[in-house]
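Please read the following report with the sequence and the model side by side.

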Amino acid sequence: MAELVLRNAVSAAPLRGPGAVAQPLRATVPQPLLQVDGVSLEYRTPERVVRATHRVGFDVHAAERYVLLGPSGCGKSTLLKAIAGFIPPVEGEIRLDGRRVTAPGPDRIVVFQEFDQLPPWKTVRENVMFPLLASRTLPRKEASERALHYLDKVGLSKFADVHPHQLSGGMKQRVAIARALAMQPRVLLMDEPFAALDALTRRKMQEELLALWDEVRFTLLFVTHSIEEALVVGSRIALLSPHPGRMRAEINSHAFDLHSTGGAEFQATAQRIHHLLFEEETSV
Ligand code: ADP
Ligand code: MG
């Protein structure tokens, strides 16, 4: 994925906000890969309007592991769906490589929480191949080879020809991750992918995701409501307030991994995040 990083390092000075003027090219400061700029999202039903997020803004750079952390109902999934291109913002803008996101595309792939995201009538390999074929990214033979390559990366090459019902929940999530990575998206979007797993499997999956990131260096946008998971998985964390979600703070979590969970600094940061997430808005 070195190629992605190189392309991304080309700076194209975006316009920011109304009345902003185009800035000259800045060769030394790479443009963020993903820009979420003052984004408000709403659900409209005939009876009422539900505001899911209010003017949320953050930047994600190439090869970051950016986490959206906030309580249930604060709009994390809605934000991810908007970035994926399924929901248009009512306010603000989402840009990928400086271009406004207006529709879904193969450059943004989502891994969901549910284990049933794999069609059961396709084998594991066919499941991983499917988006490559459907988007005409690769012909059949190359798609099969790439599927096997990514199945190997998640430790499932032996299971390439079985059907999803023969796999555990953790294995199904590994297939979903392989399928997403095989598309080589600009950003991998994950919506609480490990939330339905038991604690031990969840920890193992976090470890594997980090090992995979170390190897492939993809750009990750990861949603969770678990403070511990955010600190372990993320390199930076956006804290979102309860419904409707607003940015509370951004936390640097580079220093933490699975081995730091018991440590004093980890616990202190977790406490600080808890306080930031749940203190009254008036005292912010
Ligand atoms: P999170 O993922 O952080 O738990 P969501 O993004 O799923 O939160 O939801 C944000 C808010 O939008 C919640 O108040 C939720 O009830 C509301 N919401 C989500 N989906 C819909 C929908 N399809 N129609 C109406 N309201 C919705
Ligand atoms: Mg959600």
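A residue is called buried if 20 or more other C-beta atoms lie within 10 Å of its own, exposed if 12 or fewer do, and partly exposed in between, with the C-beta atoms placed from the backbone. The model is predicted, and local features are therefore given only at pLDDT of at least 70 and side-chain atom pairs only at pLDDT 80 or more, whereas totals for chains, interfaces and linings use all residues. Residues are numbered from 1 along each chain as its sequence is written, while chains are lettered from A and ligands numbered from 1 in the order in which they are written.

**Backbone geometry**

Helices (H or I, at least four residues) and strands (E, at least two) are DSSP runs numbered from the N terminus. E192 is in the loop between β7 (187-191) and α6 (199-216), and its phi is near 45 degrees, a positive value in a residue other than glycine. E192 counts as buried because 20 other C-beta atoms lie within 10 Å. R136, in the loop between α3 (124-134) and α4 (140-153), also is not a glycine and has a positive phi of about 55 degrees; R136 counts as exposed because it has 9 C-beta neighbours inside 10 Å.

**The shell around ligand 1**

A residue is taken as near the ligand if its C-beta atom, placed from the backbone, lies within 6 Å of it. The residues around ligand 1 are Y43, V50, A52, G70, S72, G73, C74, G75, K76, S77, T78 and H243. The elements that give two or more residues to this shell are β2 (49-60) and α2 (76-84), and α2 gives the most, with three residues. By class, the shell has four nonpolar, seven polar and one charged residues, where Ala, Val, Leu, Ile, Met, Phe, Trp, Tyr, Cys and Pro count as nonpolar, Asp, Glu, Lys and Arg as charged, and the others, Gly among them, as polar. Helix α2 is itself mostly covered, with seven of its nine residues buried, among them K76 and T78.

**Strand pairs**

Two strands pair if DSSP finds at least two bridges between them.

| Strand pair | Bridges | Hairpin | One bridge |
|---|---|---|---|
| β1 (residues 34-44) and β2 | eight bridges | four residues | R44 with V49 |
| β9 (residues 236-240) and β10 (residues 247-252) | five bridges | six residues | L240 with M247 |

The loop between β9 and β10 holds P244, and the peptide bond from H243 to P244 is cis, with omega near -15 degrees. H243 also belongs to the residues around ligand 1.

**The nonpolar core**

A nonpolar core is a set of buried Ala, Val, Leu, Ile, Met, Phe, Trp, Tyr and Cys residues joined through C-beta atoms within 7 Å. The largest such core has 67 residues, of which V67, I83, V128, A178, L188 and L189 touch the most other members. Helix α5 (residues 169-182) supplies the largest share, seven residues. At least three residues come from each of domain 1 (52-107 + 186-284) and domain 2 (118-184), with the domain bounds taken from an automatic or database domain assignment.
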